[in-house]
Amino acid sequence: MYGLPFQTDFSEFSGPPAPGTLGAGGDRFDHGMGLPGVFYAKNITPFGISDYTDGELYRLITTGVTNDGRPMFPLMPYAYYGKMDPEDIYDIIAYVRSLPTIENEVPDSKADFPVSLILRTIPTNSQPAKKPDPSDQIAYGAYLVNASGCIECHTQVTPQGVIIPEKAYSGGRSFPFPDGSLVTSSNITPCPDTGIGNWSEEMFLARFKQYQDSGYVNPKVAPGEFNSIMPWTMYAGMKEEDLRAIYAYLKTLPATKNEVIKFTAAK
């Protein structure tokens, strides 16, 4: 859902980056996805951020304000990044500076009226917090869940796109594919009937790590066949310690019953 900084290849399972596009931006997000305008993922290779200082990148990532003072539509979850440890943001900046330069000009995003005006009220000052020690597993898991923006995809929203707090993490938010099929996010609360309440820690870990298996080959997906926007092949590379912490935190959430139909093929 977020403005991922590469061109997504949904001809493969979970939409990995198309080869040679990492950081180049260009993906389009528009009215067909229920958005109030047309928005493009920006080029974050050195070609796209050459006119940004590190301080300006920090402000952009954590508050959603560009170096010329324009507010970004929150497809990039800057509200969550603004709660991260500054040291982690510095690492992100160092990493994107190291990406191979890809010369890809990306169109400007354009929000519809009145969102174009409302947009100016959305960015707020960051509220950085120190990253918990991994030994405090639940607090560390909460930090990782915030940094990943899990609540955004795994929570139903109002028609205006605002998260419904009482449905947090219970799934049910739908995302359209280009062919008109819909994928709906899973309930990741500890509800035993409709969520992950009956999942063991090892089951949770295996769900991610299966995509890192040496014999795994990302399958091709034809239009109308089941696909997912969950970046499984990326998250599979996370440390087991981090995935276990995320599991520990999710198990502390209120168990919210919400049955989800995960995929509806286009008619």
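How do the residues of the lining of the second largest pocket divide into nonpolar, polar and charged? I took this up as my opening entry, keeping in mind that the model is predicted.

**Pocket.** I looked up the lining of the second largest pocket and found that its residues divide into 23 nonpolar, 13 polar and 3 charged. The lining comprises 39 residues, and the volume of this pocket comes to about 1000 Å³. I noted that Pro74, Glu152, Gln160, Gly161 and Val162 are the lining residues that lie nearest the pocket's centre. At least two lining residues are supplied by each of helix 2, helix 3, helix 5 (115-118) and strand 4 (174-176), and I turned to helix 2 next.

**Helix 2.** I went through residues 54-63, which form helix 2, and recorded Leu57, Tyr58, Leu60, Ile61, Thr62 and Thr63 as buried. These buried residues pack against helix 1 (46-49), helix 3 (78-81) and helix 4 (86-98). Just after the helix I checked the backbone of Gly64, which takes a positive phi of about 80 degrees.

**Helix 2 with helix 4.** I then looked up how these two helices are placed, and found that they pack at an angle of about 115 degrees with their axes 10 Å apart, in a crossing that is right-handed. On the helix 2 side the contact is made by Asp54, Leu57, Tyr58, Ile61 and Thr62, while helix 4 contributes Pro86, Ile89, Tyr90, Ile92, Ile93 and Arg97.

Terms used
Residues are numbered from 1 along each chain as its sequence is written. This is a predicted model: local features need pLDDT of at least 70, side-chain atom pairs count only at pLDDT 80 or more; totals for chains, interfaces and linings use all residues. Side-chain values use heavy atoms; hydrogens and water are left out. Buried means under 20% relative accessible area, exposed over 50%, partly exposed in between (1.4 Å probe, protein chains only). Helices (H or I, at least four residues) and strands (E, at least two) are DSSP runs, numbered from the N terminus. Contact means heavy atoms within 4.5 Å. Axes are lines fitted to C-alpha atoms, for helices over the stretch in contact, and angles run from 0 to 180 degrees between N-to-C directions. A crossing is left-handed if the near helix is turned anticlockwise from the far one by less than a right angle, and right-handed if clockwise. On a 1 Å grid over the protein atoms alone, a cavity is a set of points where a 1.4 Å probe fits but cannot get out, and a pocket is an open set with protein on both sides within 12 Å along at least five of seven lines; lining residues have an atom within 4 Å of a point. Grid points are joined across faces, edges and corners, and a volume is the space filled by probe spheres set on the points. Ala, Val, Leu, Ile, Met, Phe, Trp, Tyr, Cys and Pro count as nonpolar, Asp, Glu, Lys and Arg as charged, and the others, Gly among them, as polar.
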